[in-house]
Amino acid sequence: MAAEQPTATVPGDQTRIHNIGYRNYDGPRLGRAYARRSLYSQSLRGAYGLGRSAKSKVLPMLLFVVMCLPAAIIVAVAVATKANDLPLDYTRYAIVMQAVISLYIAAQAPQSVSRDLRFKTVPLYFSRPIETADYVRAKYASLASALFILTAAPLLVLYVGALLAKLDFADQTKGFAQGLVSVALLSLLFAGLGLVIASVTPRRGFGIAAVIAVLTISYGAVSTLQAIADVQAGSGSVAWIGLFSPITLIDGVSSAFLGATSAFPGGVGPGNGEGAVYVLVTLGLIAGAYGLLMRRYKKVGL
Amino acid sequence: MIATESLSKRFPRVTALDRLSVDIGPGVTGLVGANGAGKSTLIKILLGLSPATEGRAEVLGLDVATKGADIRERVGYMPEHDCLPPDVSATEFVVHMARMSGLPPTAARERTADTLRHVGLYEERYRPIGGYSTGMKQRVKLAQALVHDPQLVFLDEPTNGLDPVGRDEMLGLIRRIHTDFGISVLVTSHLLGELERTCDHVVVVDGGKLLRSSSTTDFTQTTTTLAIEVTDTDEHPDGTRAVREALDARGVAVQDGSGLPGAGHVLLLTATGEETYDLVRDVIAGLGLGLVRMEQRRHHISEVFTNSDAERKEAVGHGS
C-alpha cells in the first residue's frame with residue numbers, strides 16, 4: 001500500500017495538467033469526397049517523400065533528377081548544334097528511360113500500400129467515412145499522378161527547349177501532345193501493375209523485388225523472343241510478342257497511333273489492326289488492376 | 001446509443017454472435033468476454049463494415065446496414081492491434097486521420113494539438129512514433145479515435161499490454177472521455193475487474209450470447225471480494241487464524257486465499273457494502289493485529305460464470 005502512494009499521485013498531477021477544458025468540435029465535416037482527396041494528396045506527396053523523413057526523399061528526388069537530366073542534355077545539344085529536330089522523339093523518351101521508371105515504381109508502389117498493410121493502418125481508414133473504392137481510387141490515382149509527373153516533366157523540358165531552339169512549333173506541339181498521351185497511359189498501366197503486386201505483400205522488400213522482377217523479366221523475355229523471331233520468322237510475330245510486357249505494350253500503342261518509331265527489332269511496330277489489340281490489352285490491364293485492387297481490399301477490411 | 005435486436009453473425013464454421021439483443025445508453029459501457037466471445041465482431045457490425053447474418057442494430061439511432069458511412073463519421077474506433085506507422089510523428093499521423101474523418105486542414109491541426117494534449121502527449125508528439133513506449137502508442141491510438149470529436153467511441157482492449165500504472169492511467173482517461181469530454185464509450189476487455197471501476201454499465205458476452213447486462217453497481221454488490229492479510233503478534237501467533245475465527249463469530253464467511261500469492265496468510269471474504277470494511281477494520285484493531293493489506297480482488301471473467309451459477313442456485317434455494 002505504502003509503495004503505491006507515490007505513483008497514486010501521478011495520475012492526479014496529470015489530470016491537473018490535462019484538465020484545461022475539452023472543446024467540442026462543431027465545425028464542418030466534409031465527408032467522403034474530401035477524405036478521398038486528402039488521401040490522394042497525402043499519397044502523392046508521399047510518393048516524392050514530402051511530409052516524410054529526409055531519408056525517404058532521397059530516392060524519388062534522385063530518380064526525378066536522373067529522369068530529367070538527359071532531356072536537359074538533349075536540349076542543350078539541340079540548341080548548341082542548331083539542329084532541325086530533337087534527336088529523340090517525345091514518345092521514345094519514356095521507353096529509353098524505362099529502367100528509371102521501373103526503379104521508381106518498384107520503390108514507391110510498396111511505399112504507398114505495403115506500409116498501410118504492414119502497420120495495419122488500413123482498418124483506421126475503413127473505420128472512417130471512406131470506403132474500399134475510395135481508398136483504392138485515391139491510392140491508384142496518386143501513384144499514377146506521381147508517375148505522370150516523373151515521365152511528363154522531362155517531356156516538358158524537351159518541349160520548352162525545342163521552342164527555345166526555335167524548332168517548328170506545330171510539329172513540336174503535336175509531338176509533345178502525343179508524348180503526353182503515351183506517358184499518361186504508361187503511368188496508369190505501371191501504377192496499376194505496381195500496386196497490385198505491392199498490395200499482396202505487407203513486406204516492402206518483397207514488394208520492391210517483385211515489381212522489379214515482373215517489369216525486367218517480362219521485358220527481357222519479350223525483347224529476346226522478339227529478336228529471335230525477327231531473325232527466324234519475320235516481323236509478323238514480333239508485333240504479337242510485344243503484347244506480353246508492359247513497356248513494349250506502351251511502345252506498341254505509341255508507334256501504332258502516336259507516330260512513334262518503334263524500339264522493336266527491325267524498327268517496325270504493330271500496324272493499325274494489331275495496334276487496336278495493343279490498346280485493348282493496355283486498357284484491359286488497367287481495368288483488371290483496378291478490379292484486383294478492389295477485390296484485395298474488400299478482404300483486408302478491418 | 002446502441003441497440004441490437006437478435007443480432008447474429010455466422011461464419012462458415014463458427015457462430016460469432018448468436019441472437020444478441022442489448023440496449024446500451026450514454027455513459028461508459030464495458031463489453032466483457034473471453035477471447036473469441038464475439039466482441040470484435042460486434043464492433044465491426046456496429047461500424048457498418050460487416051453485414052449481420054440476421055437481426056438488426058442501430059448506433060446513434062442510425063441503422064448499421066444502410067447508414068454505415070454516417071455512423072463512421074460520428075463514431076471513433078481504437079483497434080486492439082498496433083496500427084501506427086513508425087516513421088511519422090504522432091502529430092502528422094493524427095492530423096492525417098482527422099482529415100480522413102472529414103475535418104478541414106486548419107481544424108484538423110487544432111483538434112490534433114488539443115487531443116494529443118488531452119491524452120497526455122506533449123513534446124514527444126513531434127518525434128517519430130517508432131520510438132514510443134507501449135503506453136504512449138496506446139495514447140496515440142486513443143487520440144486518433146477522438147480527434148474528430150465523435151459522439152461515441154469504440155475502444156477495443158485499450159489496456160492490452162500496459163503495466164499496472166499504465167492501466168490505471170488509461171482507465172482514468174477512459175473515465176474522463178465521458179465525464180470531461182462528453183463522449184460515450186464502449187470499451188472491451190477480458191478483465192471484468194478493471195471495467196467495474198471504470199464503467200457505468202457492463203455487458204458480458206460469451207460464445208456470441210448475452211450473458212449479462214447490468215449497471216456496475218449491481219456487479220460490485222454481488223462480486224466484490226476482499227483480500228486481507230494481517231501480521232502475527234505474540235498474543236496471536238497465528239494472526240490469520242485469529243481474524244478468521246473472530247470474523248466467523250460475527251457471521252462473515254471467510255475463505256482461504258489458496259492459489260493466491262502469499263497463500264496461507266491471505267483471507268478472502270465477500271464485502272456486502274461499506275459496513276464490511278468497517279467490520280474488518282474493527283475486528284483487526286480489536287485483536288491488536290497489524291493490517292498488511294486489504295484490497296479488492298480483480299475478477300477474471302470466469303468468476304462471473306461461477307458467480308451467476310451460484311446465484312442461480314441461491315435463488316432456487318430461496319424459492320423452495
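This is a predicted model: local features need pLDDT of at least 70, side-chain atom pairs count only at pLDDT 80 or more; totals for chains, interfaces and linings use all residues.
**Conventions.** I noted that local features need pLDDT of at least 70 and side-chain atom pairs count only at pLDDT 80 or more, while totals for chains, interfaces and linings use all residues. Residues are numbered from 1 along each chain as its sequence is written, and chains are lettered from A and ligands numbered from 1 in the order in which they are written.

**Entry 1, two helices.** I looked up helix 8 (residues 169–200) and helix 11 (residues 246–257) of chain A, whose axes come within 10 Å and cross at roughly 155°; helices are DSSP runs of H or I with at least four residues, strands are runs of E with at least two, and both are numbered from the N terminus. Axes are lines fitted to C-alpha atoms, for helices over the stretch in contact, and angles run from 0 to 180 degrees between N-to-C directions. The two helices are therefore roughly antiparallel to each other, a label for angles over 145 degrees.

I then turned to Arg56(B), which lies in strand 4 (residues 54–59) of chain B. Arg56(B) counts as partly exposed because it has 13 C-beta neighbours inside 10 Å (20 or more would be buried and 12 or fewer exposed, with C-beta atoms placed from the backbone). Leaving aside neighbours within four places in sequence, Arg56(B) is in contact with Glu5(B), Asp63(B) and Ala65(B), contact meaning C-beta atoms, placed from the backbone, within 7 Å. I also noted that the C-alpha atoms of Arg56(B) and Glu5(B) are separated by 5.3 Å, although these residues are 51 residues apart along the chain.

Notes:
Two residues are in contact if their C-beta atoms, placed from the backbone, lie within 7 Å. Angles under 35 degrees count as roughly parallel, over 145 as roughly antiparallel, 65 to 115 as roughly perpendicular and the rest as oblique.
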